[in-house]
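Morning, everyone. Please have the sequence and the model open. Let's take a short walk through it.

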Amino acid sequence: MRAIEIRQPGGPEVLTLTKRERPVPGETELLIKVAAAGVNRPDCLQRQGAYPPPAGASDIPGLEIAGEVEAVGAGVQGFKPGDQVCALVAGGGYAEYCTVDETNALIAPPALTMTEAAAIPETFFTVWHNVFQRGGLRSGETFLVHGGTSGIGTTAIQLAKAFGARVLATAGSEAKCTAMRELGADLAINYRETDFVEAVKEATDGKGADLILDMVGGDYITRNYQAAAIEGRIVQIAFLRGRKAEADFALLMMKRLTHTGSTLRARDIAFKAEIAQELRKHVWPLLNARTVLPVMDSIFPLDQASAAHRRMEDGEHIGKIVLDLS
């Protein structure tokens with residue numbers, strides 16, 4: 001099969017089209033003929049040598065796929081060859097075939113194309129866990145998401161609105177702010193022109209945000225504490241401005257804040273299966289009705305994976321970048 005491998009740690013140019021042996025599904029696994037694979041920032045970190053795959057996972061990059069079930073392991077009960085699925089994988093997505101435990105796969109929403117379906121798993125699993133399970137977002141609360149035009153951000157805006165939250169979002173240009181408003185954000189903050197802490201306080205009459213989803217880190221940590229409401233929650237999922245920072249923990253104490261965080265890739269199959277079940281119940285109806293959709297930025301053929309990574313890293317994309325293998 002054709003696949004993309006990382007020749008050595010480095011820039012996008014180290015992604016190389018190669019031939020690999022087709023994987024064989026295990027007892028409870030599906031073999032998926034991949035039609036499309038999502039591109040995510042962790043893929044770029046893996047390419048740079050900063051985010052190695054967990055033990056036992058493929059060294060081929062790619063954390064989300066959509067395609068057709070080609071074969072199933074002897075113990076598989078919920079799928080059959082020919083099913084159209086999307087799946088969260090720990091690696092191996094940038095290839096014509098990929099295996100995944102059946103519990104980490106879902107029937108692709110019939111209302112979506114395969115490229116749209118491939119843009120769902122990594123972002124929707126991440127948002128559901130961090131915003132709703134870990135962050136406990138409730139209807140009527142104020143939710144602030146940084147990086148509102150990333151794949152995570154565009155998903156978080158839509159899901160938070162769908163479940164009754166007031167949504168504030170930050171981005172770095174007026175074009176991106178317009179995109180966030182079109183997705184349903186009640187307030188779009190251009191952080192290059194406006195202090196988001198002051199904007200959040202003004203928008204909430206001084207109360208602050210009940211929940212903040214942050215992928216920036218660095219100096220945003222103390223600023224999030226300033227922007228959070230009493231008893232507010234901050235969920236950390238990345239560190240674009242660095243994972244080390246000085247923070248004023250007096251604010252955390254005085255406001256009784258909860259600052260938590262998580263990663264998804266290294267979690268076990270059973271943990272991801274629980275998220276899949278909740279997505280099937282709560283989010284799949286929204287996708288099938290197309291009231292919530294992955295925002296598609298660009299689609300590249302597999303042999304242009306390097307260009308897809310450059311697009312990711314230039315910071316200008318709005319929504320998801322996908323590789324088309326069909």
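This is a predicted model: local features need pLDDT of at least 70, side-chain atom pairs count only at pLDDT 80 or more; totals for chains, interfaces and linings use all residues.

Start with helix α7, residues 220–227. How much of α7 is buried? Six of its eight residues are, so the rest of the structure largely encloses this helix. The buried ones are Tyr 220, Ile 221, Thr 222, Asn 224, Tyr 225 and Ala 227. What covers them? Two helices are part of the cover, α6 (196–203) and α8 (249–254). Strands β11 (209–214), β12 (228–236) and β13 (258–261) are also included.

Now the pair. Two packed helices are described by the angle between their axes and the distance between the axes. Take α1, residues 41–48, and α11, residues 305–313. Their axes come within 10 Å and cross at roughly 110°. That makes α1 roughly perpendicular to α11. The crossing is left-handed. Which residues meet there? From α1, we have Arg 41, Asp 43, Cys 44, Arg 47 and Gln 48. From α11, we have His 309, Met 312 and Glu 313. Sort the residues of this contact by type: four are charged, two are polar and two are nonpolar.

Last stop, Thr 115, in helix α2 (residues 114–118). Is Thr 115 buried or exposed? Its relative accessible area is 16%. Buried means under 20%, so Thr 115 counts as buried. Its side chain makes a polar contact of 3.1 Å with the side chain of Thr 113. Now set aside neighbours within four places in sequence. Thr 115 then contacts Ala 36, Met 296, Ile 299, Val 322 and Asp 324.

How values were computed: Residues are numbered from 1 along each chain as its sequence is written. Side-chain values use heavy atoms; hydrogens and water are left out. Buried means under 20% relative accessible area, exposed over 50%, partly exposed in between (1.4 Å probe, protein chains only). Helices (H or I, at least four residues) and strands (E, at least two) are DSSP runs, numbered from the N terminus. Contact means heavy atoms within 4.5 Å. Axes are lines fitted to C-alpha atoms, for helices over the stretch in contact, and angles run from 0 to 180 degrees between N-to-C directions. Angles under 35 degrees count as roughly parallel, over 145 as roughly antiparallel, 65 to 115 as roughly perpendicular and the rest as oblique. A crossing is left-handed if the near helix is turned anticlockwise from the far one by less than a right angle, and right-handed if clockwise. Ala, Val, Leu, Ile, Met, Phe, Trp, Tyr, Cys and Pro count as nonpolar, Asp, Glu, Lys and Arg as charged, and the others, Gly among them, as polar. A polar contact is a pair of N or O atoms within 3.5 Å; within protein, one must be able to donate a hydrogen and the other to accept it, and residues adjacent in sequence count only if both atoms are side-chain atoms.
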